[in-house]
Amino acid sequence: MGDWKTIITIGREYGAGGRTVAKLLSDRLGIPHYDKEIITLAAEKSGLPEQTIRGPEQGSGKTLLSWFLPRGPMSAYDQAILAQANIIRKLAEEGPCIIVGRGADYILRDREDVLNVFLYADQADKLAYAMDTYGDRPEEAEQRVRQVDASRESYYHYLTRAKWGDLKRYHLSLNTSPIGKEGGADLIVQYAKLRRAKLGL
């Protein structure tokens with residue numbers, strides 16, 4: 001689909017299929033998708049270790065935004081966030097792509113050619129994903145889901161001072177449990193086409 005012009009950002013709950021849906025969209029639209037690759041690219045560009053870049057994604061319990069209000073030397077946490085933000089902006093400048101997580105919807109908020117999607121899922125499916133992927137026992141799966149979602153929420157709030165998953169911050173929010181990952185990708189493509197036509201993009 002060589003004429004595709006939309007950048008798609010995907011916020012996602014743990015186990016909702018963000019990475020899978022991004023890959024499906026990438027294959028269907030013929031545009032690149034980025035998830036953990038952003039960590040490697042940000043490390044290469046900034047000179048920071050990948051573990052430092054990965055830190056904010058894993059969450060640190062921080063809740064105040066100091067990125068835009070620097071006082072003294074910038075912390076390693078803020079440097080890691082800024083490095084990822086710079087890479088996300090660079091990828092968007094290079095052309096249509098799919099970016100998973102990392103507050104990309106906020107970072108690219110001034111671009112009209114961006115479609116922001118949030119994926120969520122039923123708790124039972126999220127637990128099943130953890131058990132299938134890591135062999136967790138039910139109680140371990142519940143803890144993993146809770147911790148990962150809490151880390152993503154903390155990261156998003158730290159970056160934006162806004163609530164992660166707030167419907168008003170996204171063009172489209174989807175529960176992937178009833179429709180599956182393929183169905184989710186289908187709906188995103190359909191929505192993006194309708195939005196492009198409406199906006200004349």
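The model is a predicted one, in which local features need pLDDT of at least 70 and side-chain atom pairs count only at pLDDT 80 or more, while totals for chains, interfaces and linings use all residues. Residues are numbered from 1 along each chain as its sequence is written, and side-chain values use heavy atoms, with hydrogens and water left out.

Across the whole structure, 3 aromatic pairs are found, a pair being two rings of Phe, Tyr or Trp (its six-membered ring) with centres within 6.5 Å, stacked if the planes are under 30 degrees apart, edge-to-face if over 60 and tilted otherwise. The rings of Tyr-14 and Tyr-129 are edge-to-face, because their planes stand at 75° with the centres 5.4 Å apart. Since Tyr-14 belongs to the loop between β1 and α1 and Tyr-129 to helix α6 (residues 123-134), this pair ties together parts that are 115 residues apart in sequence; helices (H or I, at least four residues) and strands (E, at least two) are DSSP runs numbered from the N terminus. Tyr-14 is buried at 6% relative accessible area, whereas Tyr-129 is partly exposed at 36%. The rings of Phe-118 and Trp-164 are likewise edge-to-face, with centres 5.4 Å apart and planes at 80°. This pair links strand β4, which holds Phe-118, to the loop between α7 (138-160) and β5 (172-175), which holds Trp-164, 46 residues apart. Trp-164 is buried, with a relative accessible area of 13%, and ring pairs join Phe-118, Trp-164 and Tyr-170 into a cluster.

How values were computed
Buried means under 20% relative accessible area, exposed over 50%, partly exposed in between (1.4 Å probe, protein chains only).
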